Amino acid sequence: MATLSLVNALGSDHHIAQVNASATPPADDIYGGATSPESYNFLRGLGLDEPLLMLEGRASFSLGTHFRRWRPGQTWHQCHHAPFPTIDGTPLIHHLTRSRTPLSEVLISAQAALAGRFAHPPADPATPLALAEYGYQFDPLDWVRLLDARIETTRVERLKAETITVQSQVAGRTVLALDDDIALEADLIIDATGPARTVISQTGSHFIADRTVNARISRQAATQTGQPGRVIEASEEGWTLKVFPQETELSLAITSPAEPNETLKGFDVELGRVSEAWQGNCIAIGHAAWTIEPLSPAPMMLLQRDIERLLELIPTTAEANTERREYNRRFRDDVDHAGLFHEALLRQEGAMNSAYWKSAAGGEPSEKLARKLRQYGHRGIVPRYDLEPFNNEDWIILLEGLGKTPQDYDRQADRLPEAETQNQLRQMKATIDNLIPRMPPHHIYVAKLKQYLEKKRHV
Amino acid sequence: MGSFSRICIVGGGTAGWMTAAALSNKFKALGFDLTLIESDQIGTVGVGEATLPHIRYFNQALGIDEPEFMKLTEATFKLGIEFRNWGKVGDHYIHPFGDYGLPADDLDFHQLWLKQHQNGGAGRLSDYSYPIIAAEQGRFRLPGENPNEIGSNFGYAYQFDAGLYAKFLRRYSEHRGVKRIEGRIVDTTLDAETGDIECVKLDDGQTVDADLFIDCSGFRGLLIEKTLKTGYDDWSEWLPCNRAVAVPCESRGPLLPYTRATARTAGWQWRIPLQHRTGNGHVYWSDHISDDEATHQLMSSLEGPALAEPKQLFFKTGRRKKFWNRNVVSIGLSAGFLEPLESTSIHLIQEGITTLIELFPHRSINTLDVEEYNERMGLNFERVRDFLLLHYVATQREDSSMWRHFRDLKLPDSLQEKIDAWMHRGYVIKYEFGVFLPPSWVAVMLGQNLQPRGHDPRIDRFDMRELRQKLDTIRDETALQASRTPMQADFLKQHGGASSTPLATATQT
């Protein structure tokens with residue numbers, strides 16, 4: 001993705017080389033196999049438009065992530081949703097709190113996902129389906145193949161090596177060695193080697209580890225495309241993610257790391273982030289810069305932000321001090337803010353008393369998250385920080401899903417008689433309930449869409 | 001009537017009546033008991049005659065009819081602020097309400113301009129801004145419906161008589177049940193246990209008790225400071241201007257849709273064109289100029305005869321340590337003061353009101369609401385402060401002791417980093433919360449001659465000829481759209497916002 005983005009963004013006077021090292025183990029599965037709605041334009045910019053993703057990328061749609069038995073009694077769909085409507089000028093959440101109506105009942109994307117149904121949100125704002133938003137479910141192997149094919153058609157020089165190592169580090173300038181003997185110099189080196197952090201780890205940037213987990217991945221063919229959204233289910237040992245690209249089921253089990261005498265069940269991953277994602281002339285992106293669990297689409301959101309940040313700050317001078325400082329500032333904010341969302345998921349009362357859950361809930365609690373929780377619990381508002389990856393709707397859906405109910409609400413909600421509020425909410429729910437059965441099952445929608453796109457392609 | 005619904009607003013200037021109007025509009029249906037205490041003996045400051053585009057949302061939320069409001073407050077439209085003599089003596093630029101040009105492939109327009117400029121021959125950045133070209137020609141119309149088209153991608157605000165606006169909102173508020181009490185507060189009674197204000201006593205002996213007091217008493221901070229001793233963060237280190245002298249005068253020339261801020265040797269002078277008069281003022285730093293000289297500079301540069309005696313104002317830039325303390329919320333000048341260089345006074349009032357409404361207590365005051373209010377308002381004030389300071393430090397002026405002071409000033413890190421990033425490559429460090437968006441920073445930094453050394457290298461993928469054509473097309477379209485725009489005075493009449501007599505005066509030459 002970074003290579004294609006650079007090719008698109010920079011003029012032909014920039015020489016771009018991509019090095020594939022076969023000794024670097026791929027770790028793309030821990031991106032979690034799902035994108036958020038914000039990725040739509042980004043992917044299109046890479047040439048990965050929806051027809052291509054559907055026809056050649058085996059993508060399916062994602063209305064969010066279904067959390068099943070996250071804690072006893074906690075099951076909800078963490079759906080993607082456009083800004084919630086207001087009632088009488090007051091945000092929806094306050095009316096729901098006042099009338100003690102569950103949020104999920106009036107979320108079209110949650111209800112559609114629970115019913116296993118999908119249809120594209122129409123432009124007509126009169127239908128509640130217009131409020132649904134979606135990302136994609138995908139198998140990273142498919143997308144790597146698509147991206148690879150696209151890069152082949154560009155001016156990018158493609159190099160292959162068994163190993164990549166750092167040959168020298170002089171005055172903050174890194175020179176690489178391919179297979180220990182071929183020197184590779186560049187003004188800018190993008191380290192996308194995943195948790196191996198082949199280059200960035202040699203530059204003086206250190207990894208700030210939070211904890212280690214074990215990841216175990218499996219793939220199996222399915223007779224038909226599965227749910228329009230991922231499923232995460234908690235267990236004593238940790239949790240399991242299921243992703244449903246076309247006619248495939250990917251499974252990722254996250255547990256505590258293997259004990260020394262235990263048979264290796266998957267691979268261990270250290271979670272955390274590097275101290276400086278841009279050090280010298282090296283910029284780490286994706287899992288080379290940070291590793292977080294794919295509890296949400298955050299890994300793909302952060303990867304996209306890494307690339308967009310990189311493009312905005314392509315250096316204009318060799319020193320790149322200004323760009324580096326700004327890149328690292330934004331990098332820290334983005335990773336920390338995405339981390340708040342996951343911290344809310346993991347740091348909960350009533351967590352299971354196993355190694356994984358104790359470790360997940362450990363560490364210093366964040367004051368930024370504490371402020372969000374305090375304010376939401378008090379009156380249903382979620383304080384925001386500059387340019388957070390997760391929006392207000394994401395947070396409200398999450399906190400409601402976690403069973404956090406505001407004690408109070410915006411007093412403006414009291415302007416409407418309670419019976420009228422309830423009537424409006426009932427109508428919203430009824431409209432959604434009527435609409436859902438008329439939406440096609442996800443697998444049928446995907447199949448018909450592909451037929452349509454195929455026909456269109458051959459016209 | 002529900003609990004916690006007795007509200008007392010202290011002070012009846014712009015802040016007081018804006019608060020009364022908004023609360024009466026939002027909470028009238030809930031049976032709130034809203035009282036506003038003001039004294040005709042105590043004058044109001046009324047420095048906030050110029051506004052930012054956000055004021056339109058405030059008026060719209062109140063259901064105010066724009067033409068009627070404009071007629072009754074002698075309002076004019078405002079497309080931006082003209083800054084004269086800020087970068088160097090003789091310079092001028094307009095900070096517009098809206099974007100420059102149109103983005104290309106998601107790249108900021110100013111980057112296209114920078115590349116062309118660095119290669120010679122881009123002309124003024126202002127030539128690619130519809131609101132600037134229209135403003136320079138004295139023209140105005142409402143934005144079109146497609147915000148991605150030239151001639152539609154702009155915002156607008158108003159310049160109005162703050163006294164008339166307060167009167168207008170007073171009628172609005174009284175019509176919605178706000179009780180106005182004429183009187184001067186002479187004493188307050190505190191709850192011995194909580195320290196909250198229980199009631200205020202007026203000079204005629206009557207007392208007014210309330211669950212919540214909103215202090216709109218201006219610089220005095222009658223409740224927030226005199227009673228509760230909340231404390232004040234002094235920001236004179238950054239913004240040291242501490243006095244102003246203000247005077248209205250007769251208008252001359254065409255009715256201009258922008259405010260003017262002209263830098264002087266020890267401060268700056270405002271000019272705000274209304275339909276019936278022009279508002280003028282000189283904000284200055286008393287360490288560098290005497291009051292007499294400051295008044296002389298103002299009076300000798302008026303465009304028409306003065307309509308009143310000059311009024312002297314004293315202030316200290318900064319903010320209250322807590323905007324909301326116990327059961328008192330300070331709004332307006334009692335909350336803090338930032339010189340009106342970018343017309344933020346009324347905007348900060350508006351922010352205070354909307355935040356208070358969102359966090360309005362249910363049964364009693366919760367410390368969480370107070371915390372949140374103070375956090376949000378603190379951020380608002382700080383971000384405005386940095387933007388104002390930019391005007392003083394992005395300058396090549398060294399012709400007076402005040403400008404030499406700013407040349408040597410050590411800036412807050414947040415501002416220094418912004419300037420450094422800009423100078424390096426025209427990059428604007430963004431944030432989400434705060435009133436001034438990147439185009440505003442671009443306007444001031446380029447307007448005051450901070451020419452970046454580089455540009456975004458992504459622009460280099462454009463062929464120079466292609467870039468030239470793109471820019472020419474945008475500049476020509478901007479000029480065309482502006483030329484099709486009516487003169488503001490004509491548009492005001494057509495819009496139904498012209499007051500009956502003043503336009504004749506305003507258009508005299």
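**Helix packing, cores and chain contacts**

Author: Let us begin with a pair of helices in chain B: α9(B) passes α10(B) in a right-handed crossing. Please keep in mind that this is a predicted model.

Reader: At what angle do helix α9 and helix α10 of chain B pack, and how far apart are their axes?
Author: Helix α9 of chain B, residues 345–358, packs against helix α10 of chain B, residues 367–393, at an angle of about 160°, and their axes are 10 Å apart. The two helices α9(B) and α10(B) are therefore roughly antiparallel to each other.

Reader: Which residues make the contact?
Author: From α9(B) come Leu348(B), Glu351(B), Gly352(B), Thr355(B) and Leu356(B). From α10(B) come Tyr373(B), Arg376(B), Met377(B), Asn380(B) and Phe381(B).

Reader: What else is Phe381(B) in contact with?
Author: Gly336(B) is in contact with Phe381(B), and also with Gly318(B), Arg319(B) and Arg320(B), leaving aside neighbours within four places in sequence. Gly336(B) is found in strand β21 of chain B, residues 336–337.

Reader: Is Gly336(B) buried or exposed?
Author: Gly336(B) counts as buried, because it has 27 C-beta neighbours inside 10 Å; the cut-off for a buried residue is 20 or more.

Reader: Let us turn to domains. How is chain B divided?
Author: Chain B has domain 1, covering 6–49 + 161–232 + 321–382, and domain 2, covering 93–156 + 389–483. Their C-alpha centres lie 37 Å apart. Five residues from domain 1 of chain B and four residues from domain 2 of chain B take part in the contact between them.

Reader: Which residues touch the most other members in the largest nonpolar core?
Author: That core has 136 residues, and those touching the most other members are Ile7(B), Val10(B), Ala20(B), Leu79(B), Leu169(B), Phe213(B) and Ile214(B). Domain 1 and domain 2 of chain B both give residues to this core, so it lies between them. A second, separate core has 119 residues, including Ile189(A), Val274(A), Ile285(A) and Ala288(A).

Reader: What does Leu169(B) touch?
Author: Leu169(B) touches Trp17(B), Met18(B), Ala20(B) and Ala21(B), not counting residues up to four places away in sequence.

Reader: Now chain A, please. Why is helix α4 of chain A described as largely enclosed?
Author: Helix α4 of chain A, residues 92–99, is largely enclosed by the rest of the structure because seven of its eight residues are buried. These are Leu92(A), Ile93(A), His94(A), His95(A), Leu96(A), Thr97(A) and Arg98(A).

Reader: What do those buried residues pack against, and what follows the helix?
Author: The buried residues of α4(A) pack against β5 (86–87), β6 (90–91), α11 (392–401) and α12 (418–435) of chain A. After α4(A) comes Arg100(A), whose phi is positive, near 50°.

Reader: How many residues of each chain are in contact with the other?
Author: In chain A, 20 residues are in contact with 24 residues of chain B. On the chain A side, the elements giving two or more residues are α8 (321–346) and α10 (367–379). The largest share, three residues, comes from α10(A).

Reader: At what angle do α7(A) and α8(A) cross?
Author: The axes of helix α7 of chain A, residues 298–312, and α8(A) cross at roughly 170° and come within 11 Å. The helices α7(A) and α8(A) are therefore roughly antiparallel to each other. Among the residues making this contact are Met301(A) and Arg305(A) of α7(A), with Phe331(A) and Ala338(A) of α8(A).

How values were computed
Residues numbered from 1 in each chain as written. Chains lettered and ligands numbered in written order. Predicted model: local features only at pLDDT ≥ 70, side-chain atom pairs only at ≥ 80, totals over all residues. Core = buried A, V, L, I, M, F, W, Y, C linked by C-beta atoms within 7 Å. Buried ≥ 20, exposed ≤ 12 C-beta atoms within 10 Å, placed from the backbone. Domains from an automatic or database assignment. Contact = placed C-beta atoms within 7 Å. Axes fitted to C-alpha atoms, helices over the stretch in contact; angles between N-to-C directions. Helix = DSSP H or I, 4+ residues; strand = E, 2+ residues; numbered from the N terminus. Parallel < 35°, antiparallel > 145°, perpendicular 65-115°, else oblique. Left-handed = near helix turned anticlockwise from the far one by under 90°.
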